[in-house]
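This report describes one protein model for a reader who is new to structural analysis. Please look at the sequence and the structure before reading on.

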Amino acid sequence: MNETNHSKERKTENELVTTQPIGPFTMNQIKTSSFKPLTMANTILKIPLLSTIITSTALKSSFNSSSSSLLHRHICNCSSAASVSQHQQRQPQIRSPQLVALEYADLSIPHIVCEELGVVRVRQHVNPLSSSLSVPVEVPKWEDVFEDPKLPLVVDIGCGSGRFLMWLAKRNPGSKNYMGLEIRKKLVTRAEKWAEELALSNIHFLFANASISFKQLISTYPGPLMFVSILCPDPHFKKRHHKRRILQKPLAEAIVDGLMPGGQVFIQSDVLEVAVDMRKYFDAESDKLVHVDNIDSSLLCDNEGWLATNPMGIRTEREIHAEFEGAKIYRRMYQKPS
Ligand SMILES: C[S@@+](CC[C@H](N)C(=O)[O-])C[C@H]1O[C@@H](n2cnc3c(N)ncnc32)[C@H](O)[C@@H]1O
């Protein structure tokens with residue numbers, strides 16, 4: 001995927017959807033998750049008007065998340081070839097924001113909140129190296145932001161809209177706290193509003209440059225750090241912009257040092273180059289971290305060591321958009337030995 005496509009695709013992030021969650025983390029939880037990836041097949045067939053267009057067995061059997069672009073074209077061709085009614089032809093094709101809405105439907109983010117905030121428009125790119133974004137965030141009073149600030153902490157770095165983290169937080173009340181770090185303020189403001197409306201007392205979003213503030217935040221948190229994720233980070237394709245990428249050595253070291261025994265770090269990207277770049281930092285910590293397939297043989301990897309499936313029970317928005325476009329997601333999950 002090139003930079004233009006990636007940027008264009010990211011515009012969909014700001015579209016309004018609703019949400020809901022489960023929880024990852026222990027291998028048992030992962031294995032017993034009822035999560036099934038939302039494929040083009042089950043998604044399209046759940047949408048009545050579209051399902052009237054898609055009737056051929058051959059077409060249905062071609063549904064899968066990795067061939068969605070092809071599928072899109074296929075749907076268009078089949079629609080006209082089958083001489084569907086004018087009414088049917090006027091129906092819009094499914095778009096990836098609709099998939100996001102379906103995947104997060106259980107979260108039920110109230111509409112009113114979104115109307116209050118208006119349309120959240122954010123710049124496509126921010127420069128995390130700019131002086132205005134290099135100021136460390138003020139550490140919150142943890143007892144003010146979490147009902148029980150001693151619970152194990154889950155941190156999502158570059159959390160975007162925050163729906164992914166809210167979904168998890170709703171699934172695990174009273175057992176974990178969730179903190180989203182996001183460098184785009186409007187997304188944080190909206191996420192906080194949503195969390196408030198959903199009455200989640202175990203989640204907090206911070207407008208923060210994670211590269212600058214992660215270590216300090218973690219070192220002051222009263223409980224253990226059990227999980228850190230960096231999911232589909234901004235790719236910053238140009239070589240001269242690689243230094244803007246969120247994961248650099250100091251952040252990787254701070255994550256590894258901060259994790260509790262048994263704690264996990266999960267990284268993923270739809271851009272191979274970015275995934276490889278992130279992976280090298282954690283592979284280099286082989287004296288402190290092991291990849292999860294060495295602990296649990298049911299978590300399979302492909303020949304290059306990427307996890308075969310999403311172990312979280314929910315896909316992030318970027319992940320949904322990317323898979324919709326036919327991209328592969330490159331994932332690694334590491335664990336600190338207990
Ligand atoms: C491509 S989006 C992915 C969002 C989400 N993780 C997902 O998978 O849908 C990357 C997010 O990381 C945020 N980000 C980039 N650099 C950051 C930094 N240094 N600190 C915190 N957030 C950052 C961006 O603002 C953006 O919302």
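What share of the contacts in the protein with a separation of 6 or more is accounted for by residues 24 or more positions apart? The share is 79%, where two residues are in contact if their C-beta atoms, placed from the backbone, lie within 7 Å.

**Basis of the description**

The model is predicted: local features need pLDDT of at least 70, side-chain atom pairs count only at pLDDT 80 or more, and totals for chains, interfaces and linings use all residues. Residues are numbered from 1 along each chain as its sequence is written.

The protein contains 16 helices and seven strands; helices (H or I, at least four residues) and strands (E, at least two) are DSSP runs, numbered from the N terminus. Of its 338 residues, 41% count as buried. A residue is buried if 20 or more other C-beta atoms lie within 10 Å of its own, exposed if 12 or fewer, and partly exposed in between, with C-beta atoms placed from the backbone.

**The sheet and strand β7**

The seven strands of an open sheet follow the order β3-β2-β1-β4-β5-β7-β6, with mixed pairing. Its edge strands are β3 (203–207) and β6, each of which pairs on one side only. Two strands pair if DSSP finds at least two bridges between them.

Strand β7 has two antiparallel partners in this sheet: β5, over six bridges, and β6 (residues 290–291), over two bridges.

The table sets out two helices; the expected span is 1.5 Å times one less than the number of residues.

| Helix | Number of residues | Reach, first to last C-alpha | Expected span |
|---|---|---|---|
| α12 | 13 residues | 19 Å | 18 Å |
| α15 | twelve residues | 16 Å | 16 Å |

The buried residues of α15 (residues 272–283) are V274, A275, M278, R279 and F282. Seen down the axis of α15, they fall within an arc of 130°, so they line one face of the helix; the arc is that of the directions from the helix axis to the C-beta atoms. These buried residues pack against β4 (225–231), α14 (249–258), β5 (259–269) and β7 (330–335). The face turned away from the buried side of α15 carries the exposed residues E273 and K280.

In α12, the buried residues are L187, V188, R190, A191, W194 and A195. They cover an arc of only 165° around the axis, which puts them on the same side of α12. On the other side of α12, K185 and E196 are exposed.

Is helix α16 largely enclosed or exposed, and why? Eight of the eight residues of α16 (residues 317–324) are buried, so this helix is largely enclosed by the rest of the structure. The buried residues are E317, R318, E319, I320, H321, A322, E323 and F324.

Helix α16 also supplies the largest share of the shell around the ligand, three residues. Strand β2 (177–182), helix α13 (210–220) and α16 each supply at least two residues of this shell. Of the 23 residues around the ligand, those that come nearest are G158, G160, C232, T316 and R318; a residue is near a molecule if its C-beta atom, placed from the backbone, lies within 6 Å of it.

By class, the shell has eleven nonpolar, five polar and seven charged residues. Here Ala, Val, Leu, Ile, Met, Phe, Trp, Tyr, Cys and Pro count as nonpolar, Asp, Glu, Lys and Arg as charged, and the others, Gly among them, as polar.

**Residues with positive phi**

Most residues other than glycine have a negative phi. A199, in the loop between α12 (185–197) and β3, has a positive phi near 55°. With 8 C-beta neighbours inside 10 Å, A199 counts as exposed.

H236, in the loop between β4 and α14, has a positive phi of about 40° although it is not a glycine. H236 is buried, with 20 other C-beta atoms within 10 Å. A glycine, G326, follows α16 and has a positive phi near 95°.
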